[in-house]
Amino acid sequence: MTAFIVLGAGYGVLMRSKGVGWAWPGVMSLLIFAGSMQFVAADLIASGASLLSTALMTLMVNFRHIFYGVSMLEKYKNTGARKPVLIFGLCDETFSLVCSADMPEEVSLKDYYLFVTLLDISYWVAGSFLGGLLGGALAFNAEGVDFAMTALFTVIFVEQWEGAKEHLPALTGLALSLLSLLLFGPANFLIPALLLIAAALSAERRLIERRARDAG
């Protein structure tokens, strides 16, 4: 809750600094719920970017959600009326909480997934409205606010690293991301990196499963 409200407020302040009305950050968070893409959208709106440019940028920034979705197919299977909400609300933080869930037997995992998702959405929307209000009422220097998402992703990575027994996938992701950055540059490395990571992780998964079978 603390992280989402603070980040959402930062987003609201950033949007107000671009001349957007106080309510629009909260409305965008409620209808879009795209986290890091919303930070990018602040600059796109301010620069008058075309619809095509915005669509392509959204695809690149949120392309990682494809891998989140694929990895959650089994967990979200047979969730009934909950599924549309679970799909809409699947973001980095929700994914981190859901994929590492270790609940007691008496707790319904499907309800746990739903309430985590709904709470995360509500925190983000509330923070965005709060930032929209504060950004208009108080004077803020919004420089560097968008770095909050980078900091959050770093924390998520560290938590996943500490909770995982196998670190090869994480090291692979880092190595291929750096390689793509060197080869394609900061503006174009994201999609090539994700495609390379997907191919590498698919091969590594078979290797890890083989190791587990041999050890068993």
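Reader: Which pattern does the protein follow, read along the sequence?

Author: Helices (H or I, at least four residues) and strands (E, at least two) are DSSP runs, numbered from the N terminus. In this predicted model, the pattern is α-α-α-α-α-α-α-α-α-α-α, that is, 11 helices and zero strands.

Reader: On what conventions do the values rest?

Author: Residues are numbered from 1 along each chain as its sequence is written, and side-chain values use heavy atoms, with hydrogens and water left out. Local features need pLDDT of at least 70 and side-chain atom pairs count only at pLDDT 80 or more, whereas totals for chains, interfaces and linings use all residues.

Reader: Where is confidence lowest, and where is it highest?

Author: The predictor's confidence in each residue, pLDDT, runs from 0 to 100. Its mean is lowest in helix α9 (residues 147–163), at 76, and highest in helix α6 (residues 83–88), at 95. The protein averages 84, and 96% of the residues score at least 70.

Reader: How is the packing of α10 and α11 described?

Author: Two packed helices are described by the angle between their axes and the distance between the axes. Axes are lines fitted to C-alpha atoms, for helices over the stretch in contact (heavy atoms within 4.5 Å), and angles run from 0 to 180 degrees between N-to-C directions. Helix α10 (residues 168–184) and helix α11 (residues 190–215) pack at about 155 degrees, with axes 9 Å apart. That makes α10 roughly antiparallel to α11 (angles over 145 degrees count so).

Notes
Angles under 35 degrees count as roughly parallel, over 145 as roughly antiparallel, 65 to 115 as roughly perpendicular and the rest as oblique.
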